[in-house]
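Please open the structure in your viewer and keep the selection tool at hand. We will begin with the whole chain and then stop at a few single residues.

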Amino acid sequence: MPPARPALTSGSIQRDLWPQAAVEPLRVRRAPLLAAAVCFAIGTVMARHWQPPIVLLLALALLAALAWLGFRQSARASIAAVAAIWVVTGLWCAEIQPVPSAQQTLLTYADGLSRTVRGHIIRIQELPPNAPTNDADTEARDWSEDAAETQPATLSIDLALDSIEQVTPDLAWMVPLADGEGGIRITVLGTANTFTCGDLLEAPVRLKVPERYRDPGAWQYADYLLDQGIGAHANIKAAAITRLPKPLANWNPRCRLYAAQAWAANRLTRYIHSRANNTLPALARLSPDDAGMLNAMLFGDRTRLSHTLRLGFERTGSFHLFVVSGMHVALLAGGIFWFSRRLRLGDLSATLLTIALTTAYALITGFGAPIQRALAMATIFLITRLLSRDRSVLNALGAAALVVLVWSPRSLFEASFQMTFLAIVAIAGIAIPLGEWSFLPHARATRNISDRWLDVGLPPRLAQLRVMLRLFGEPLTPIHRRAATLPARLLRSLLWALELFLIGIVAEMVMVLPMAIYFHRATVFALPTNMLSIPLVAVLAPAAILTFLASLLNPWLAALPGAATALLLHGIIAIIGHITHVASADLRIPGPALWIALCVVACWVFCCWAVRHSLRGAVIATIVLPLAAVAVLWPEPSLTTPGQLEVTAIDIGQGDSLLLVAPTGQTMLMDAGGPTGALRETSEATSRFDVGEQVVAPYLWSRRIRRLDILALSHAHSDHMGGMPAILRSFHPRELWVSIDPSSAAYADLLREAATLGIAVRHLHAGQTLPWAGTQVEVLAPAATYTNPRAPTNDDSLVLRLQYGQSSVLLAGDAEAASERAMLTASLLHPVTLLKVGHHGSRTSTGLPFLTALAPHDAIISVGRNNTFGHPRAEVITRLAEAHTRLYRTDEFGLTTFLLTPDGQIQEITGAADN
């Protein structure tokens, strides 16, 4: 007879095998640190309305005294006082946190003059071939004297300036700069010497200030640079740089981290070009595009990431899986900890090993701010879990969030922090408790199925399940002694897959809100794509790391893991590629109204409480959670002014983009801005800045516009057309209006994009008249006989006149004197209420006869601040003033809106003069 097993009680079985079978109610005492973090966050939000720090300090002292008295009387009675302490602490920390230096001193030197600067290197980044020549990172280019440069951009160097040259008509001398007041990013043109961190350089540069776009929702490159200590940028030839002897060692740890990141990326790229890789079959061979993807995934180096691949992953909501982000750090930490526990390491050893390896990985990725926050949250989470008696996930999450917020209160308003926090709340706060009420106990019941003693003390339904699984397995016993457990293993695999599905769908429903607010995306196929991709990525990442490590020894040693990496990566790209071509794979949507967002957050809080309260609460939560997601996606009416014709000049710097809203609500966008100068004839642009995606589209979404009726292109110059591909993809206009077809690869690409999206293209010429949503559109130029088989010119411009009752507006594009004379000769010009001045106020446009014929009441010039073209010209401004025309400029007023009524009246609404 088998030896008697010790008596097992129901409680011991629950502790040993089913430690999470009971769903604990959501109470403050179960997660006090989470409650503290929420209160701290409330205080940080309140800090947006300024309060004197001394008043907050006194309030904090008073509340602490009240809390101490409350604890003396009753611990429960002091909860409100403790919560108030955390609110005031959040207020205080937000008030005293230093803000990035605006570098006002440095900005005074960005006046177009060539000045000698002297400073030490704090960051070096190699640029891929065909990188933009004015700041390789993201900035919309201001092509002036640098446009003539034919040398490629090879390096991006950040300098902390020690001094800068002060220039007067008679004298020039070096002026020292204080720490934090002189950070510049220079793009080196041509082959440069080898530089190292801390090198002291001297060079003549013309400093340029990053453009600020004064439109709702526009992404500000200037703020992005200031967060990195950079206040200006410039281009410079490599031969003009002088390396000076360093008086003292200037070792910058962050520069060393970037250098380690670049070294790792270059070593992987070197393997891609090795003979060992190139002898493999195409399917098993890593290409340069593959290298860009792997460098982004392993080391956070996105400079070589293909724009086409990036767009495909963004459309399917899986981009976060293939670039280093806070989620990568969290997943890596979770994977290391899980694997450590499988190796029978104790909690302490597993925690320390996880923190050490995750920190090493974070360092080699460049240790950016999102990575730092994710590492801090993962570390605090693991330590809190180790020290906490009840191992409450939400309490550990609260501790991690609290530490990050105390260190940097501004993190509360950043997408990376919010999405990391919400992902854990969705999984630990909602998904896992839902599973505990349904199938997770059954999944745990399938473990150790052959041990009959474990049936003792289980609920009858679980004990019966174990008995049935053993009965189903008995006929398989003759095959193999372990074959009898096959039914249990199959059921357990199915239930764990169901858990992954539950976690995925709950996380996606919670992520709907931040995705809509920050990225304006509703990724319909994110869940199935991630379900397919995550298992492959889980194998791909170790294979890629093994390939990298083997390549450090010998490229031939890396051939086998490299082939496996290539097969996995190409498989993932194929999956993403097929899903990307589905029309509904990527829906671009406006962010919801504030009241809807607050209601959705309240629904999440309710779901976290309900799933822990009772089975009925869990059922209600399964209904409320999808409804909250639907509320985010539900279309809201666009913000328009019925009965008036609206013309809005969007502030896009040196370029044109105008939104027209008809009296009946239909929308037309005329041009979409872009980089000034020749567009690079390549679809693989390395710049991550897109004025259409990051400036024009956010403004349209702020107006809750989901689809444009008409997108009109005045002519095929980049400062009018550069942002159009993004607008086509995001707003799917019903029609694209163009004038003629010049010889331009970028323009041909735009027409192909429109054809792919099923957008009708209409060519217009002078003499045509079109009714549009209660207005009459008259085409004034170009003439029907006008052709241009060569490169685009300003006189290709499509000139439109819109009539609404007694009000009218003329959109002149960049039409110059020849086009203006043709319109005058054809007697097409009549007085208008509003004129969009041609060619940004250039002296070659808006001639006196043209202006006299139009006699506009108002005029708007779309122009970039401090542009190097001298726009608008003084003679044009004088001409408008003499015509008694009120002039508005986007460089002075920012975004400007004109409302025209049918009785001929016009109302002007200007944006803030500065940000």
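This is a predicted model: local features need pLDDT of at least 70, side-chain atom pairs count only at pLDDT 80 or more; totals for chains, interfaces and linings use all residues.

The protein chain has 915 residues, of which 52% count as buried, and its secondary structure comes to 30 helices and 24 strands. Among contacts between residues at least 6 apart in sequence, 74% join residues at least 24 apart.

Now select Ala781 and Pro782, where the peptide bond joining them is cis, with omega near 0°. Pro782 sits in the loop between strand S17 (775–781) and strand S18 (799–804). Next select His871 and Pro872, whose peptide bond is also cis, with omega near -10°. Here Pro872 belongs to the loop that runs between strand S21 (858–861) and helix H29 (874–882).

Move on to Arg344, in the loop between helix H11 (326–342) and helix H12 (347–364), and look at its backbone, where phi is positive, near 70°. Is Arg344 buried or exposed? Its relative accessibility is 78%, so Arg344 counts as exposed.

Finally, select His520, which lies in the loop between helix H18 (486–519) and strand S8 (521–522). Phi of His520 is positive too, near 55°, but His520 is buried, with a relative accessible area of 13%.

Methods. Residues are numbered from 1 along each chain as its sequence is written. Side-chain values use heavy atoms; hydrogens and water are left out. Helices (H or I, at least four residues) and strands (E, at least two) are DSSP runs, numbered from the N terminus. Buried means under 20% relative accessible area, exposed over 50%, partly exposed in between (1.4 Å probe, protein chains only). Contact means heavy atoms within 4.5 Å.
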